[in-house]
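Here are my notes on the two-chain model, for your review. Please read them next to the coordinates.

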Amino acid sequence: MPAVQETIDRVRSIDIDQYKYGFETVIEMEKSEKGLSEDVIRFISAKKNEPEWMLEWRLDAYKRWLTMKEPEWARVDYDKVDYNDIYYYAAPKRKGPESLDEIDPEILKTYEKLGIPLREVEALEGIAPERRVAVDAVFDSVSVATTFKKELEKAGVIFMPISEAIREYPDLVKTYLGSVVPVTDNFFATLNSAVFSDGSFVYIPPGVRCPMELSTYFRINERDTGQFERTLIIADKGSYVSYLEGCTAPKRDDNQLHAAVVELVALEDAEIKYSTVQNWYPGDNEGKGGIYNFVTKRGDCRGARSKISWTQVETGSAITWKYPSCILRGDDSRGEFYSIAVSNGMQQVDSGTKMIHLGKNTTSRIISKGISAGRSQNTYRGLVSAHKKAKGARNFTNCDSLLIGDQCGAHTVPYIESKNASAVFEHEATTSKISEDQKFYCQQRGLSEEEATALIVNGFVRDVLQQLPMEFAVEAQKLISISLEGSVG
Amino acid sequence: MADVTNLRSPAEAGLSKLFESSRKAFASEQAISREEAFRFFEATGLPSRRVEAFKYTDLRAAITEAAPPAEAPSEDAARAAVAGAAGFAEVEAARLTFVNGHLVAALSDLDRIPEGVTVTPLNAALAQGDARLKLLAPVEQVRENPIYQLNTAFLADGALISVAPGAKPQTPVHLRFVGTGETAFSTATRVLVEIGAGAEFFLLESHEGPSGLTYQPNDALDVRIGEEAAFRHTRLNREGDAAIALSTISVRLDARAQLETVNLVTGAKLSRHQIYLHVAGEDANAVVNGATLLGHGQLADSTLLADHAATGGVGREMFKTVIDGDSTGVFQGKIIVRQVAQQTDGKMKSDCLLLTDDGQMMNKPELEIFADDVACGHGATCGAPDEDLLFYLMARGLPRATAESLLVQAFVGEAVETVTHEGAREALIGGIEAWLAARG
């Protein structure tokens, strides 16, 4: 069944030609030498005042990276990046703001334009108190501001740029950095390990429920730079945190590289909710420019009864290569992945998740909705695996895609590997298969099958998206009501 | 995987040697290019798990030595081997008997071929340069498959079957493949089937061989189904317990053509059955089912590629796998819907029942869709028999083992109950029952 007009209009309204965040901020920047070498890595490390062990860690990663090859298995086709023709470090020249008043006013203006509240007062005025969000704003290679630090400190929560954490909490960083995504995990993660410049560090102490949502806003501004942020979130026993991430970049004709690594660690009974609205510049309608988004995100449910939930709304980037995953190591741990990926123009998305069941009675759920329009290609690629010892593992996967127009493509590449009989895996890609019982219940009350299905799916997706903070809600709202009729796997 | 350079394995080196030594015998052939096929194979080698399409079935590791092509057996040896062959024995059919990959005329019903059907031994067709040999590789993607190319390079025997337009013979043709011998051998057979417009044709295929012998059959079936014609194909894999059985079926469907192919696997240590479909004409209909029952140490791989290149095609693919002992089931399915193939309705399903904790199931159901007005879907499930259902049956006085057998039968039965030919259907159900009985 073809898409209805309402859906087509909605997708058009988020068309890439209407990219609102494509402006550029003109400020003086300090950059590393172009290209990648040990010297550049030493330069970055020195800029960050890093201890020796961190520099060694980076150099080791760089040596490994030199022996690695760029992966080609994803269903994306792009001009390869010349890794010696980009800047690996770019930071605003005015340095070390002690307070918001010292931040370059141009940067403040930029974040104002983007609608990101950097002033705590504004944040209070703009949003109801219970929806307060602490923001870490990363501008190219450095964090320019982190809000609500003091209040968070009171609760014992550490929320700061990772470059600061390396200096102030070296033991925590040493213990957890690279423990979820090893240095040699993949080409882009290894590159990131060598050159990462900033990103957020979060530590939630045992039993603490983080008093507000934490968020990082990534902005690529400078020409010919790559952004290599690194985020590390540790939720200690029995704690809870909700973390949000947003990203934008100026409109340019060249492609820019974004190769981030995000590591999440949930100890016993802890829960991490990680939400992303990814809105990097997707390039123009002819496929010129746009961000290459090659990101490694992985969560480790290390303790029993821990939970990690990934929610992503993907609308930007020329190329997306991204698989937020969960390692379900602790018994009774739970992983979730909710994704809406919209591609338009010449965008290519290859995204999905991995749920690796290692512990007993681990459960996971994957809900993925792909919508392709224009001449874009949208691929869901996912792995669900149950180890021999993962007794009682359960997974439910549902991935639907919708095509709008006859020039685009929607693809599904799921891998389902079960190595013990007590694991129960269900994978479905047709809307008509969603919980027959619920559907029957709705139909009993007079809804058509289509309406019943839409109600169940939309109800579920809405539930997840409603947990996004205000500033993301507008963007996300445009997507949630997209109807799912005519879905194909 | 051009960047993966492996050293040649002993089996690969052995295959090259075997090909060199057989080259002279094929020198006069014009119709097929064994040379090209072997060069292709040599370039890829035996696929290992680093090759995506063979991720779960590592042929490089499984095939440790190149078994020499089997010689044609003596008539007595052939007769003795066939005496023990039970596949589709109860079904009335015109049989073409292949022993160790060679057509044995004396044990075949070449003079009892149903009306409207002609059968030409492949060797005769090759010698004459039969025009129908153009039917080779009717699906583009199969030409990139190393197993198929290896079959072409070592092709020893087979048959060309033509069904006249409009003919509807109700007696099936039975391709009976039997292996026999004391030492390892390999076979390479090819059967080409051309079905004229509006015709209907039943084909049975059984594969059997001795236990304890590491033989390597490689069978290929190339089919072209004409407009409004129907091809109904039932296949039985009961190879010996040490066999490495590779098979490929590639089918081109013209407008409003119908395909029904069902494969039951209980045999072989390692088997890989590859199905390639090319939906070339509009409103064609394809039913592709597989039922696999595995025990100790077996691995069975069902790999399917359905390429929809015309409007209104309907595809129904259902694969059922039952895993017992430390066996491994693999299902890889891919539906491609090209931009022109609007209104395609494709449904692919792979269900697995794991009876023990030692077994494993690997599912990879893929969709690749370029048309917007389609209804395609896939489903995959995996788990142990439902305890509630077992309890229900046991509460009615059945022992647990019987209850489990009933559930397995019902589970697998779904994949074979669509077989149109009653005798063939009964034979498959019999095969399932025999497997369950042997399991005890």
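The numbered points below cover conventions first, then each chain and the contact.

1. Conventions. This is a predicted model: local features need pLDDT of at least 70, side-chain atom pairs count only at pLDDT 80 or more, and totals for chains, interfaces and linings use all residues. Residues are numbered from 1 along each chain as its sequence is written, while chains are lettered from A and ligands numbered from 1 in the order in which they are written.

2. Chain A overall. Chain A has 12 helices and 24 strands. Helices (H or I, at least four residues) and strands (E, at least two) are DSSP runs, numbered from the N terminus. Of its 489 residues, 57% count as buried. Buried means that 20 or more other C-beta atoms lie within 10 Å of the residue's own; 12 or fewer is exposed, in between is partly exposed, and C-beta atoms are placed from the backbone. Take the contacts in chain A between residues at least 6 apart in sequence: 83% join residues at least 24 apart. Two residues are in contact if their C-beta atoms, placed from the backbone, lie within 7 Å.

3. UniProt, in an unreviewed entry, lists residues 148-209 of chain A as "domain: SUF system FeS cluster assembly SufBD N-terminal". UniProt positions are given in the numbering used here, feature names are shortened, and annotations may be inferred rather than shown by experiment. Residues 148-209 of chain A are 47% helix and 15% strand, with the end C-alpha atoms 16 Å apart.

4. A helix pair in chain A. The axes of α3 (residues 52-66) and α9 (residues 187-195) of chain A come within 7 Å and cross at roughly 145 degrees. Axes are lines fitted to C-alpha atoms, for helices over the stretch in contact, and angles run from 0 to 180 degrees between N-to-C directions. From α3(A), the contact uses A:Arg58, A:Ala61, A:Tyr62, A:Arg64 and A:Trp65; from α9(A), A:Thr190, A:Leu191, A:Ser193 and A:Ala194. By class, this contact of α3(A) with α9(A) has five nonpolar, two polar and two charged residues. Ala, Val, Leu, Ile, Met, Phe, Trp, Tyr, Cys and Pro count as nonpolar, Asp, Glu, Lys and Arg as charged, and the others, Gly among them, as polar.

5. Contact between the chains. Chain B and chain A give 33 residues each. On the side of chain B that touches chain A, β18 (360-369) and β19 (375-383) each supply at least two residues. β18(B) gives the most, with 10 residues. That side of chain B has 15 nonpolar, 10 polar and eight charged residues.

6. Helix α8 of chain B. Which residues of α8(B) are buried? They are B:Ala403, B:Glu404, B:Ser405, B:Val408, B:Val412, B:Ala415 and B:Val416. Their cover includes β11 (258-265), α7 (387-395) and α9 (422-439) of chain B.

7. B:Leu264. This residue lies in strand β11 of chain B. B:Leu264 is buried because 29 other C-beta atoms lie within 10 Å. Leaving out residues up to four places away in sequence, B:Leu264 touches B:Leu236, B:Asn237, B:Ala291, B:Val416, B:Leu428 and B:Gly431.

8. Positive phi to check. Neither residue here is a glycine. B:Phe88 has a phi of about 55 degrees and sits in the loop between α4 (75-83) and β1 (94-99) of chain B. B:Phe88 counts as buried because it has 27 C-beta neighbours inside 10 Å. B:Gln343 has a phi of about 60 degrees, in the loop between β16 (328-337) and β17 of chain B. With 18 C-beta neighbours inside 10 Å, B:Gln343 counts as partly exposed.

9. B:Ala184. This residue is in the loop between β5 (173-178) and β6 (186-195) of chain B. B:Ala184 is partly exposed, with 16 C-beta neighbours inside 10 Å. Beyond its neighbours within four places in sequence, B:Ala184 is in contact with B:Ala67, B:Leu213, B:Thr214 and B:Tyr215.
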